Amino acid sequence: MVTEPKKQVGMNCENCGSPLDNTGETCAFCGSRNSDLPLADVPAQHQRGEAREITKTYDDSLRAIKAAVEHSDQVHKVEVRRSKIFLPLLALLLGSPMLFLLFVSYKTRPIHADFEECITSGVAAIIQGDYLQGKDFLAKAVFERNESAEGHILYGSAFYAEILEKPYLDPQKRKALVYGVYREMHFAQQTDPDNPQAHFFMGLHYYEEGETAQAVTEFEACIAYISRISHLAKRERYSNAANQILEKLKAAPTEKLVLVSQIDDSRNDREKNSIEVPYGR
């Protein structure tokens, strides 16, 4: 039967003199193994560590703790210095694509231009058949003054003039131009709901989409507000075109209209029953 060692009172470490709990135990303070001799049997010169090299004392422990703390502090300072160097580099590396995109967007941002100059240049380019340049000028004009109904009408009617002058366009391109007409007339009507020109071209949009009832409503609104066009010749052109289109849509809703652009120099004036669609200021 195995018996546990009994507690010995007065047992001290032979190395450092610290009290021991059990015979033969390792000293919890200095780590030395001890004999089973009671303190009274240990020679006096060896009690409490006299004439012995103490492996570890309380002061040694304090110095070790202090050294560990200093080492930890040095490691922390090194890591802080590294973070100060590498974190900005990492941020720059990760942020460089965003900085590049911001730079590109800044370079390609629309340049503020004079509204009247853009309108004049845009209309002139459209009349000459340069739709790409003309629409670019008109886009800048509506960007510069988005609340201008005139700008949106001239921009949107340029889309329809291109449709009439280029009957060979593929369906996708034609659909995109028809949507451009709707978009610009929608903006124009938000600013000026009773504008007869906006109603006229919105009617053409609905006609292109096959929505005859809505087209008729828009052309009737154009005629109702036609007096708002102050320029007499321009008023007559819109009035004649709206009345002719209304007459044909009501007489034969499914019959295709023969529409020609006012600015198309290549049109065939001898074509029967053609209706001239106005363009310009």
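**The core and what surrounds it**

Modeller: In the largest nonpolar core, which has 50 residues, those touching the most other members are Tyr-160, Phe-200, Phe-201, Leu-204, Phe-219, Ile-245 and Leu-259. A nonpolar core here is a set of buried Ala, Val, Leu, Ile, Met, Phe, Trp, Tyr and Cys residues joined through side-chain atoms within 4.5 Å. Buried means under 20% relative accessible area, exposed over 50%, and partly exposed in between, with a 1.4 Å probe and protein chains only.

Colleague: Which elements each supply at least two residues of this core?
Modeller: Helix H2 (115-127), H3, H4, H5, H6, H7, helix H8 (232-251) and S2 each do. The largest share, ten residues, comes from H4. Helices (H or I, at least four residues) and strands (E, at least two) are DSSP runs, numbered from the N terminus.

Colleague: Is this predicted or experimental, and how do you number it?
Modeller: This is a predicted model: local features need pLDDT of at least 70, side-chain atom pairs count only at pLDDT 80 or more, and totals for chains, interfaces and linings use all residues. Residues are numbered from 1 along each chain as its sequence is written, and side-chain values use heavy atoms, with hydrogens and water left out.

Colleague: What is Tyr-160 in contact with, leaving aside neighbours within four places in sequence?
Modeller: Val-181, Phe-201, Leu-204, Tyr-207, Glu-208, Leu-259 and Val-277. Contact means heavy atoms within 4.5 Å.

Colleague: Change of topic. How many helices and strands does the protein have?
Modeller: Eight helices and two strands. From the N terminus on, the order is α-α-α-α-α-α-α-α-β-β. Of the 281 residues, 34% are buried.

Colleague: How do S1 and S2 pair?
Modeller: Strand S1 (residues 258-261) and S2 pair in the parallel sense, over four bridges. Strands count as paired if DSSP finds at least two bridges between them. Val-258 has Ser-274 in S2 as its bridge partner.

Colleague: Which residues of S2 sit on the covered face?
Modeller: Ile-275 and Val-277. Ser-274 and Glu-276 are on the uncovered face of S2, which covers residues 274-277.

Colleague: Now H5. What span should its 21 residues have?
Modeller: Helix H5 (residues 171-191) should span 30 Å at 1.5 Å a residue, and its end C-alpha atoms are 31 Å apart, which agrees. The expected span is 1.5 Å times one less than the number of residues.

Colleague: Which residues of H5 are buried?
Modeller: Leu-177, Val-178, Gly-180, Val-181, Glu-184, Met-185, Ala-188 and Gln-189. Seen down the axis of H5, the buried residues fall within an arc of 160°, so they line one face of the helix. The arc is that of the directions from the helix axis to the C-beta atoms.

Colleague: What covers them, and what is on the face turned away?
Modeller: The cover includes helix H3 (131-144), helix H4 (149-165), helix H6 (196-208) and helix H7 (212-224). Exposed Pro-171, Gln-172, Lys-175 and Gln-190 are on the face of H5 turned away from its buried side.
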